[in-house]
Amino acid sequence: MKGKLRKTPLVLFGFFLLLWLIGLSLGEPTRVLEQAKSICLQCIGIG
Amino acid sequence: MQTIRKWVQAVWVFLINGFWGFPITGNLYQGPLKVICSPGLNCYSCPASTTYCPIGTLQQLLLSVRFSLETGKYYLGLFVLGTMGMLGVSFGRFICGWACPFGLFQELLYKIPSKKYSIPPSLNLLKYVFFILFVIVLPLVFVDQFGLGKPWFCKYICPAGTLEAGIPMVLLVPDLRSTLGVLYVNKISILIGFVLWSVFASRPFCRTTCPLGAFYAIFNRISLIKLVLDKDACTNCKACHKVCPVEIRFNETQGSGECINCMKCMTDACNFEAIHVSVAGYRLTKAGRKRLIDSQ
């Protein structure tokens, strides 16, 4: 393996990790789970 | 390599659609795994789905932003956007080529013997319009009296949702059949359109319409894992142009947002080892053959 470490993706990864953590602290996973557990009738072309 | 890729794609299909108890329960999976993001486009209303669809869930959070703010909650979609971003920055469109069920479905359709046609490159830009307009702007802007919007992309466009959830749920729950109307006919027509198009052109939905593909495409040039061209080893023989399923010229447009990183150019075309996989800047494969010969 040879090359030079590219830092841009690592920095961006850190940024999105921060967004993810903020979402986590705001309790979004509960909302995501609630949503994903139910059938979205609109999404499947009904309603 | 392409056989391995097909197997990886198949494994992903069953990983994110691993609930096969739905014929007995008559309902979709409702366990805790649904807090995990599916890397590819996979409707969470699919009865077998064990994960959430990033595009569907992002729309659901955005369409209810005003409502949630009014009720003292701060559901801004950051959890989903953060997950999508981490996936995009890490893998770029490797996900499209290796882990998307609807991508695999289109690839299988393309194997049906028929005359094949190319897709005009200008149509590739449409998917960015779908992402910005149908996934972000319209769900945020057009809201009802309760402050709730609509999942525009899922509701009016997504053929993956129709295939994976619309048709199976209607078959599974007879009560739903009486509620079918114009919306369902519209979605079925779009699905049929893409099925037919996929027989004659390679991955038309991924290239022209998929909002998740558009999001990952933004990161293709800078993603942690990506395909890289060794310019010193490239002889410009154009062999990579001929095998590309999304019709890009890899040696001329390296890092193109259209590349789904299927590696066909690397393993099935290039005789000079000029294309390699790079992880965070470190190449995983050996140096180009031409350069080695030149240096001797």
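In chain B, helix H3 (residues 54-63) and helix H5 (residues 78-91) have axes that come within 9 Å and cross at roughly 150°. Axes here are lines fitted to C-alpha atoms, for helices over the stretch in contact, with angles from 0 to 180 degrees between N-to-C directions. Helices are DSSP runs of H or I, at least four residues, numbered from the N terminus. So H3(B) is roughly antiparallel to H5(B), a label for angles over 145 degrees.

This is a predicted model: local features need pLDDT of at least 70, side-chain atom pairs count only at pLDDT 80 or more, and totals for chains, interfaces and linings use all residues. Residues are numbered from 1 along each chain as its sequence is written, and chains are lettered from A and ligands numbered from 1 in the order in which they are written.

Which residues make the contact? From H3(B) they are Pro54(B), Thr57(B), Leu58(B) and Leu61(B), and from H5(B) Val80(B), Leu81(B), Thr83(B) and Met84(B). Contact means C-beta atoms, placed from the backbone, within 7 Å.

Now the domains. Chain B splits into domain 1 (2-217) and domain 2 (225-295), with bounds from an automatic or database domain assignment. Their C-alpha centres are 30 Å apart. Domain 1 of chain B gives 17 residues to the contact and domain 2 of chain B gives 13. On the domain 1 side, H1 (2-16), H5, H6 (94-98) and H12 (204-208) of chain B each supply at least two residues. H6(B) has the largest share, three residues.

Technical notes. Parallel < 35°, antiparallel > 145°, perpendicular 65-115°, else oblique. Contact = placed C-beta atoms within 7 Å.
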